[in-house]
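This report describes the architecture of a single protein chain for a reader who is new to structural analysis. Please keep the sequence and the structure in view while reading.

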Amino acid sequence: MGLLECCARCLVGAPFASLVATGLCFFGVALFCGCGHEALTGTEKLIETYFSKNYQDYEYLINVIHAFQYFIYGTASFFFLYGALLLAEGFYTTGAVRQIFGDYKTTICGKGLSATFVGITYALTIVWLLVFACSAVPVYIYFNTWTTCQSIAFPSKTSASIGSLCADARMYGVLPWNAFPGKVCGSNLLSICKTAEFQMTFHLFIAAFVGAAATLVSLLTFMIAATYNFAVLKLMGRGTKF
């Protein structure tokens, strides 16, 4: 019974909200970073192959893609470390760290640490909202291209001629307006949409978008849990079960 009672008390004092948020954060970041990196690489190949033959036209785009990929490397490293720290902080502010499951008075340093995590998590949530919004842009572009391809494949659903249905990379700012050809129309566009490369890149961007959403939810959960725990530490001077 001693062992069972000890395990039961550990489970009661475990920070379940922080555990769920940590798992969701790791999953979301891995999905966003892994799929986003490969989707950017696929986009680079599609632009080089179908939309422009002049390297100077997409040189800036390649630099931006590489910058985003380095950002992804840093994001993955940071979030895995920060998620582990938040989980440790969650254990600190729960009943699991009471003195042999009894009440204890937290120190000023402990309260300051909790407040710091609340502030950092709040700032990260604001920043990640921008990342989440940016991750929706390539999904929107690829979805518009896919929709155009569907209109070409089923011409009875549109009154426009097939030759006038195009995907123009210049319209989205992906390429400069003087890039040639810069757009693909009609049956040529349909053949691109049928390639495995286009389909894979499209789905990878969707997966990266889902990963960004999961990470955002995890940050919101962390923020709520950390704020609640800090409030209880400050007002009651002891750990909580959140």
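## Overall architecture

Of the 242 residues in the chain, 43% are buried. The model is a predicted one. It contains 6 helices and 2 strands, arranged along the sequence in the pattern α-α-α-α-β-β-α-α.

Among the contacts in the chain with a separation of 6 or more, 77% join residues 24 or more positions apart. The accessible surface amounts to about 13000 Å², and carbon and sulfur atoms account for 72% of this surface.

## The nonpolar core

In soluble globular proteins, nonpolar side chains tend to be buried together. The largest nonpolar core of this chain comprises 48 residues. Within this core, the residues with the most contacts are Phe-32, Ile-47, Trp-128, Leu-175 and Leu-189. Five helices each contribute at least two residues to the core: α2 (16-51), α3 (55-92), α4 (108-153), α5 (186-193) and α6 (196-236). The greatest contribution, 11 residues, comes from α2.

Leu-189 illustrates how such a residue is surrounded. Setting aside residues up to four places away in sequence, Leu-189 touches Thr-145, Thr-148, Cys-149, Ile-152, Leu-165, Cys-166, Ala-167 and Val-184. Apart from neighbours within four places in sequence, Thr-148 is in contact with Leu-165, Cys-166 and Leu-189.

## Aromatic pairs and a cluster

A pair of aromatic rings is described by the distance of the centres and the angle of the planes. The chain has 14 aromatic pairs. In one of them, the ring centres of Tyr-55 and Tyr-58 lie 5.5 Å apart and the planes meet at 80°, so the pair is edge-to-face; the cut-off for this class is over 60 degrees. Tyr-55 and Tyr-58 are 3 residues apart in helix α3, which means that about one helical turn separates them. Are these two residues buried or partly exposed? Tyr-55 is partly exposed, with a relative accessible area of 43%, whereas Tyr-58 is buried, with a value of 9%.

Tyr-142 and Phe-202 form a stacked pair, with 6.2 Å from centre to centre and 15° between the planes. Tyr-142 belongs to helix α4 and Phe-202 to helix α6, so this pair ties together parts that are 60 residues apart in sequence. Tyr-142 is buried, with a relative accessibility of 8%, and Phe-202 is buried, with a relative accessible area of 8%.

One aromatic cluster is formed by Phe-32, Phe-78, Phe-79, Tyr-82, Phe-117 and Trp-128.

Which residues make a nonpolar surface patch of about 260 Å²? The patch is made by Phe-16, Leu-19 and Phe-91. Phe-91 lies in helix α3. Its relative accessible area is 32%, so Phe-91 is classed as partly exposed.

## A cis peptide bond

The peptide bond that leads from Phe-180 to Pro-181 is cis, with omega near 0°. Pro-181 is found in the loop between the strands β1 (166-168) and β2 (183-185).

Technical notes. Residues numbered from 1 in each chain as written. Predicted model: local features only at pLDDT ≥ 70, side-chain atom pairs only at ≥ 80, totals over all residues. Heavy atoms only, no water. Core = buried A, V, L, I, M, F, W, Y, C linked by side-chain atoms within 4.5 Å. Buried < 20%, exposed > 50% of the residue type's maximum accessible area, 1.4 Å probe, protein only. Helix = DSSP H or I, 4+ residues; strand = E, 2+ residues; numbered from the N terminus. Contact = heavy atoms within 4.5 Å. Patch = residues over 30% accessible without salt bridge, like charges linked within 9 Å, V, L, I, M, F, W, Y side chains within 5 Å. Areas by Shrake-Rupley, 256 points an atom, 1.4 Å probe, with all protein chains shown as cover. Salt bridge = Lys/Arg side-chain N within 4 Å of Asp/Glu carboxyl O. Phe/Tyr/Trp six-rings, centres within 6.5 Å; stacked < 30°, edge-to-face > 60°.
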